[in-house]
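Subject: Structure handover and notes

Dear colleague,

Here is the structure I said I would pass on. Please look at the sequence and the coordinates first, and then read the notes.

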Amino acid sequence: MTAGNNEMPGGDMAVELGLAAAAADVKIGSVPVEGILAGGRRIRNRRRTVVGALALASVVALGGGTVAGLNGFAGSGSTAQALQAGGSGGALPLVPGAEASAAPGAAATTTATGVRDPLKPVRVVIGQGTVDGKEWQLWEALWPVAPKEQAYAQALAVWEERHAVDPSIEKPTEAFVQQYWQPTEDVVNTYATLDGARQKYDRQGSYPAPGHLDPRMANTFSGGVLGPSAKSGTPGPLPIRLAVLAIGPDVGKVVVNWSDGGVAEPKPVVVEDSPYRMVVVPERAGLKVAAWHFFDKNGVALPDAGTRLLSE
């Protein structure tokens, strides 16, 4: 399947979801979005435009292992393929006049009053490390949901940032933005930096705004792998692969078992007031992930839907 303008340049995009019972209501087929809305959360990823038509992931029901192949992504078995972005390059300050945050979870920009401003994103480092002697950071910029009269101004602001790094990204039209405006969703832009320089091939999507998360989705997760693909030969924005997950507010803990017997418990990062928290796990040289485990706030294990991020 193809995603049209939602396709990532230089590579394929796929997202792995764990969905609780709501996923059973998802109807297989092409967009419109009504079928997904019945099942809960939507994930959108856009290539050329800031606000684009819906590109839907292969949906895996928690516990059931059932795959619903939806327009925009190609699933494989009980899980979806990894996200593989293309190439890196281009430099853009993280935030004009701001320094990189020192640790995941540190926000580079926030509003002093706490009022959500659709034209002033909150930026948070959700993961960081070193590779080849250089520091990498993964950032999430959350643009609060805009009223319809400000939607185009917001779309242009997001586009200007992305276009400064990748001039091939086309400017959205006002008609297009107005057509696909979503009144209950924040715009989310996830991008990487290497030694402070913003890289190409970011991820653009949306999450439910505060107060708009379907309660059935509170203990669910979604995720993908960002990085180079040996299979397709496409480079990524960074020279390493990262498993990037968004977890619902009722997911209490994520545990990763590595092939050498090591166990890691990555700390979720809060992104301002978004109901979703972010977990980033870098690959380890010579190792694979043997298993992922998810638990609710009471320590009860949640089905992992056969998650295989960084296991291949």
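The notes below go through confidence, strands, the helix, aromatic rings and backbone angles.

This is a predicted model, in which local features need pLDDT of at least 70, side-chain atom pairs count only at pLDDT 80 or more, and totals for chains, interfaces and linings use all residues. Residues are numbered from 1 along each chain as its sequence is written, and side-chain values use heavy atoms, with hydrogens and water left out.

**Confidence**

The protein chain has a mean pLDDT of 72, and 63% of its residues reach 70 or more; pLDDT is the predictor's confidence in each residue, from 0 to 100. Residues 1–102 have pLDDT below 50, and this stretch makes 299 contacts in the model beyond near neighbours in sequence. A contact means heavy atoms within 4.5 Å. The pLDDT is also below 50 over residues 108–112, a stretch with 11 contacts beyond near neighbours in sequence. Where pLDDT is low, the predicted coordinates should not be read in detail.

Helices (H or I, at least four residues) and strands (E, at least two) are DSSP runs, numbered from the N terminus. Strand β13 covers residues 242–247, and six of its six residues are buried. Buried means under 20% relative accessible area, exposed over 50%, and partly exposed in between (1.4 Å probe, protein chains only). L242, V244 and A246 point one way from β13, while A243, L245 and I247 point the other way; all are buried. In a regular strand the side chains alternate between the two faces of the sheet.

Two strands pair if DSSP finds at least two bridges between them. β13 pairs with strand β12 (residues 221–226) in the antiparallel sense, over six bridges. Six bridges also join β13 to strand β17 (residues 277–282), again antiparallel.

**The open sheet**

Four strands form an open sheet in the order β15-β14-β18-β19, with antiparallel pairing. Its edge strands, β15 (263–264) and β19 (301–302), each pair on one side only. Strand β18 (residues 289–296) is joined to β19 by two bridges, and the bridge partner of F295 in β19 is A301. F295 also has K253 over its face, at 5.1 Å from the ring centre. A charge sits over a ring if NZ of Lys or CZ of Arg is within 6 Å of the ring centre and within 35 degrees of the ring normal. R284 lies over the face of W258 in this way, at 5.2 Å from the ring centre.

**Helix α2**

Helix α2 has 15 residues (151–165) and should span 21 Å at 1.5 Å a residue; the end C-alpha atoms are 22 Å apart, which agrees. The expected span is 1.5 Å times one less than the number of residues. Buried residues in α2 include Y152, L156, W159 and V165. Among the elements that cover the buried residues of α2 are β7 (122–131), β8 (134–143), α3 (174–179) and β9 (185–194).

**Aromatic pairs**

Rings of Phe, Tyr and Trp (its six-membered ring) pair if their centres lie within 6.5 Å; planes under 30 degrees apart count as stacked, over 60 as edge-to-face and the rest as tilted. By this rule there are five aromatic pairs. W139 and Y191 have ring centres 6.5 Å apart and planes at 5°, so this pair is stacked. The pair links distant parts of the chain, with W139 in strand β8 and Y191 in strand β9, 52 residues apart. Both W139 and Y191 are buried.

Y207 and Y276 make a tilted pair, 5.2 Å centre to centre with 40° between the planes. Y207 is in strand β11 and Y276 in the loop between β16 (269–270) and β17, so the pair ties together parts 69 residues apart in sequence. Y207 is buried at 8% relative accessible area, and Y276 is buried at 0%. F221, W292 and F294 form one aromatic cluster.

**Backbone angles**

D195 is not a glycine, yet has a positive phi of about 50°; D195 lies in the loop between β9 and β10. L310, also not a glycine, has a positive phi of about 60°. L310 is in the segment after β19 and is buried, with a relative accessible area of 4%.

Regards
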